Amino acid sequence: MSSRHHIDDFMRGRIIGKIEGRKITDVAREFDITHSVVSRLWKSFKTTGMCSRWHGGGRVRSTTPTEDGYIVLSPKRNRHTTAQQVANQFLAASGKQISQKTVARRLRGGGLYARRPVVGVPMTRQHRTARLQWCREHQNWTEQDWACVLFSDERKGPISDMQYHGEGRHQEQWPHAPTCGCEWDFTVQRYIDQVLLPHVRLFRGAVGDKFVFMDDNATCHRTLAVQDCLDSEGIQRLVWPARSPDLNPI
């Protein structure tokens, strides 16, 4: 079946001219148009005597250009205004009831698009206390101490090699802390086979007994299988306060 496309008036005239004395199926096949389209065109021609398409006026807009400008101006005055609030303001000002979808279309026409506010991770008093305590315990660590810590974190994409020197803020705050990136959707077994054994265990052998491994308390990191793997390899885990992603150099 042919793809759907617009038929202009010239093509409509050609189709009508071909139909006289022929079957609709043959004409539809010749022009690569569905049978139903040609059939409706032929019935319309016999009824009205015209082959041109009648273009309707469409649905009447619920707002005028001046009212559209008012709708666009409202969120510019207050960027936190919602579409429903704009609709309510418009109702109070003009007496017309419009929907949120109408407001959204008018705003898009004015170059304004909705954005969802970023919600921060909720921090309780216990979380803040644990973070502060962790920082105080590690504020006197030297570069040699941090050089024995391997930071890890999930990200989208393949596993990256360990980086012994960071860039930007990483280089300023943690100049000698190695990092290891891994995929974000790890299962427990993949985490063991593709991160702990080939990377973490290798770094543990190079550093020695002072080696410390950091993870971000993800679910797959805290299983019994992962803990047994770390214990069997003599890997010490760095105590990490809950909900502290900003402490991670990665």
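This is a predicted model: local features need pLDDT of at least 70, side-chain atom pairs count only at pLDDT 80 or more; totals for chains, interfaces and linings use all residues.
User: Hi! Is the crossing where H10 passes H11 right-handed or left-handed?
Analyst: Right-handed: that is how H10 passes H11. Residues are numbered from 1 along each chain as its sequence is written, and side-chain values use heavy atoms, with hydrogens and water left out.

User: Thanks! At what angle do H10 and H11 pack, and how far apart are their axes?
Analyst: The angle is about 25°, and the axes are 10 Å apart. That makes H10 roughly parallel to H11, a label for angles under 35 degrees, with over 145 being roughly antiparallel, 65 to 115 roughly perpendicular and the rest oblique. Axes here are lines fitted to C-alpha atoms, for helices over the stretch in contact, and angles run from 0 to 180 degrees between N-to-C directions.

User: Which residues meet there?
Analyst: From H10 you have Val188, Tyr191, Ile192, Leu196 and Leu197, and they meet Ala225, Val226, Cys229 and Leu230 of H11. Contact means heavy atoms within 4.5 Å.

User: And which residues of H11 are buried?
Analyst: In H11, residues 224-232, the buried ones are Val226, Cys229 and Leu230. They span an arc of only 95° around the axis, so they sit on the same side of H11; the arc is taken over the directions from the helix axis to the C-beta atoms. On the other side, Leu224, Asp228 and Ser232 are exposed. Buried is under 20% relative accessible area, exposed over 50%, and partly exposed in between, using a 1.4 Å probe and protein chains only.

User: What covers the buried residues of H11?
Analyst: The cover includes helix H10 (188-207) and strand S4 (236-237). Both kinds of element are DSSP runs numbered from the N terminus: H or I of at least four residues for helices, E of at least two for strands.

User: OK, another helix pair. How do H2 and H3 pack?
Analyst: H2 (residues 24-31) and H3 (residues 35-48) pack at about 120°, with axes 9 Å apart. That makes H2 oblique to H3, and H2 passes H3 in a right-handed crossing. Ile24, Thr25, Val27 and Ala28 of H2 meet His35, Val38, Ser39 and Trp42 of H3.

User: What is the phi of aspartate 32?
Analyst: It is positive, about 60°, although aspartate 32 is not a glycine. Aspartate 32 is in the loop between H2 and H3 and counts as partly exposed at 48% relative accessibility.

User: Last one: where is proline 75, and what does proline 75 touch?
Analyst: Proline 75 lies in helix H4, residues 65-77. Proline 75 is buried, with a relative accessible area of 13%. Leaving out residues up to four places away in sequence, proline 75 touches Thr81, Val86, Leu107 and Leu112. C-alpha to C-alpha, proline 75 and leucine 112 are 8.6 Å apart in space, although 37 residues apart in sequence.

Terms used: A crossing is left-handed if the near helix is turned anticlockwise from the far one by less than a right angle, and right-handed if clockwise.
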